[in-house]
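Here are some quick notes for when you have the model open. Could you read them alongside the coordinates?

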Amino acid sequence: MSAAQQTILDEAEQTVDEFAAALGWHNGDAEATIRTLLADCKDLREQLALAEISMSLGFTRGWRPRREPAVNGSENTSG
């Protein structure tokens, strides 16, 4: 097995573990898990908006956070 294949398997296992942990935190209640994750997402978006307001363009070298996640890993990380 190549190193790339092993990395993909490790990431998949970690995702499953995170999923199981989130469900376990809510005693298997999927609806409560989703509600908590959505509330966390909302809170993080609010924190990102506050950070965006307080950062200058010079500090971030022109980078601005996106409101939505990159689609299919198409994020451009170069300036």
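The points below cover the basis of the model, then charges and one backbone angle.

1. Before anything else: this is a predicted model, where local features need pLDDT of at least 70, side-chain atom pairs count only at pLDDT 80 or more, and totals for chains, interfaces and linings use all residues. Numbering runs from 1 along each chain as its sequence is written, and side-chain values use heavy atoms, with hydrogens and water left out.

2. Searching the whole structure turns up one salt bridge, meaning a side-chain nitrogen of Lys or Arg within 4 Å of a carboxyl oxygen of Asp or Glu. The partners are E31 and R35, whose closest N and O atoms are 2.8 Å apart. They sit about one helical turn from each other, because they are four residues apart in helix 2.

3. How covered is this pair? E31 is partly exposed, at 49% relative accessibility, while R35 is exposed, at 56%. (Buried is under 20% relative accessible area, exposed over 50%, partly exposed in between, with a 1.4 Å probe and protein chains only.)

4. D10, E11, E13, D17 and E18 make up a negative surface patch. Patch members have over 30% relative accessible area and no salt bridge, with like charges joined within 9 Å. E18 belongs to helix 1 (residues 3–25) and is partly exposed at 47%.

5. Have a look at N27, in the loop between helix 1 and helix 2 (30–54). Its phi is near 55°, a positive value in a residue other than glycine. Most residues other than glycine have a negative phi. N27 is exposed, at 73% relative accessibility.

Technical notes. Patches are made of residues with over 30% relative accessible area and no salt bridge: like charges are joined within 9 Å, nonpolar side chains (Val, Leu, Ile, Met, Phe, Trp, Tyr) within 5 Å. Accessible areas come from the Shrake-Rupley method with a 1.4 Å probe; for residues, only the protein chains shown count as cover. Lys and Arg count as positive and Asp and Glu as negative; His and the chain ends are not counted. The place of a charge is taken as NZ of Lys, CZ of Arg, CG of Asp or CD of Glu. Helices (H or I, at least four residues) and strands (E, at least two) are DSSP runs, numbered from the N terminus.
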